[in-house]
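Welcome! Take a moment to look over the structure, and then we will walk through a few of its features together.

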Amino acid sequence: MDHPPARRRGAAAAGVVSDAERLGLDAVDWLLVHEEPDDPTLYSGTAGVVLTLLEAHHHTGEQRYADEAERRVDGLSGLDGGSLYFGQAGGALVQHAVRRDPLAALAAVRAAFDGERFEHWLDLLLGNAGVALTALALGDHQLAIDVLAPLPELAEPTSAGVIWQTRAGREARLHHVSHGTLGVVMALVAVGAACGRADLVELGLAGAADVVARDEAGPTGFLVPHSDPQNLPDRVERYSFGWCHGPVGDAQAFRLLAAATGDAAWSTLAERCWTSVLGSGLPQRLRPGFWDNSGRCCGTAGVLALASDRRAELDDDPTFGRLLVADLERRAVRTSAGVCWRNTEHTAAQPLLPSRSGWAMGNAGIARELLRWTRVEAGGDPRYAVALPDQPVVGDGSPA
């Protein structure tokens with residue numbers, strides 16, 4: 001697909017356009033003509049698309065992307081609850097990203113907090129952990145501390161540490177970053193370290209100790225089950241490998257713990273996570289349901305994010321990152337508007353799902369990681385235009 005010359009102002013300034021850059025910009029082109037009018041969320045809707053439009057502006061310098069981000073923020077409404085990925089905390093993050101005052105959105109976050117949880121949730125995506133990390137990123141330390149205050153009383157002792165019922169009423173205890181213990185751990189340690197609250201750091205490390213004790217791939221790998229007892233065993237596999245419930249997300253948590261504590265043992269665990277990822281077989285679709293998603297939450301783009309971190313921080317071999325880019329290229333659907341992706345739900349009557357715009361499963365999350373990988377490969381700026389509060393920044397490990 002041909003592009004106008006003005007497009008050629010990315011990491012490859014000398015005029016050589018990489019496969020990752022071309023694919024990422026084609027994916028942004030598709031976003032320019034597709035919107036999710038009934039979904040304002042960071043996870044799957046408008047707010048997440050805004051962050052990718054800002055990424056495209058940061059990457060290319062083209063004002064049209066920033067203008068479109070502003071336009072979509074103007075229409076951003078309908079966020080319910082206080083959460084980061086589905087509610088007003090995500091709205092506050094986006095308002096701040098476009099240099100607008102997030103105070104009204106933060107006030108709505110406070111109003112949504114019942115003193116214990118956000119509705120039923122304590123986790124990163126929907127609950128206290130994500131709100132605390134967002135409040136920290138936006139400089140509201142008191143809100144961050146307030147929403148973490150219930151966690152000591154809600155912690156359940158285990159033989160190795162502590163765990164939480166991250167969704168009220170759910171029997172299963174989840175272990176990873178999106179809905180489980182490690183997401184709560186990230187919030188406790190990040191806020192505790194930033195605010196001088198050693199008690200919060202200690203509680204977070206106790207949660208991490210419980211997860212580490214569940215590892216079934218040591219001493220060289222790291223693989224912890226999805227949940228105990230298994231949540232939705234008829235639908236959810238026992239082991240995952242992506243960001244949400246697997247070693248990719250675990251490694252992000254361990255990067256944060258290493259930076260916050262200065263303990264190199266967490267970096268070793270992050271390395272073991274990567275060993276398990278490399279040995280898993282992804283991005284091959286080894287069986288139905290194993291690797292059916294190209295997106296950021298539970299697919300290939302989320303793995304590419306960690307590959308970029310490792311390339312920037314450790315000068316890691318780029319071979320696997322390039323394999324991920326090639327897989328995204330192979331699975332891309334080319335249209336007159338650009339490129340998009342269609343994920344698969346193998347249990348559905350129609351397994352091939354519609355293309356989506358958002359961060360979690362769609363173009364926004366994929367394009368953002370492709371553009372960043374382009375810069376990392378070229379020795380450019382490894383930082384995002386707007387980093388999400390739960391992904392440690394390259395270089396110092398602190399959340400944005």
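Predicted model: local features only at pLDDT ≥ 70, side-chain atom pairs only at ≥ 80, totals over all residues.

## A helix on the inside

Let's begin with helix α6, which spans residues 128-137. Nine of its ten residues are buried, so the rest of the structure largely encloses this helix. The buried residues run through Asn 128, Ala 129, Gly 130, Val 131, Ala 132, Leu 133, Thr 134, Ala 135 and Leu 136.

What covers them? The cover of the buried residues includes α4 (88-97), α5 (103-112), α7 (141-148) and α9 (181-195). After α6 comes Gly 139, which has a positive phi, near 85 degrees.

## Salt bridges across the chain

A search of the whole structure finds 34 salt bridges. One of them pairs the side chains of Arg 100 and Asp 74, at 2.8 Å from N to O. This pair links distant parts of the chain, 26 residues apart: Arg 100 sits in the loop between α4 and α5, and Asp 74 in helix α3 (residues 63-74). Arg 100 is partly exposed at 26% relative accessibility, while Asp 74 is exposed at 56%.

Another salt bridge joins Glu 377 and Arg 322, whose closest N and O atoms are 3.1 Å apart. Here, too, distant parts of the chain are linked: Glu 377 belongs to helix α15 (residues 363-377) and Arg 322 to helix α14 (residues 319-331), 55 residues apart. Salt bridges with shared partners also join Glu 35, Glu 68, Arg 71 and Arg 72 into one network.

## A buried pair

Methods. Residues numbered from 1 in each chain as written. Heavy atoms only, no water. Buried < 20%, exposed > 50% of the residue type's maximum accessible area, 1.4 Å probe, protein only. Helix = DSSP H or I, 4+ residues; strand = E, 2+ residues; numbered from the N terminus. Contact = heavy atoms within 4.5 Å. Salt bridge = Lys/Arg side-chain N within 4 Å of Asp/Glu carboxyl O.
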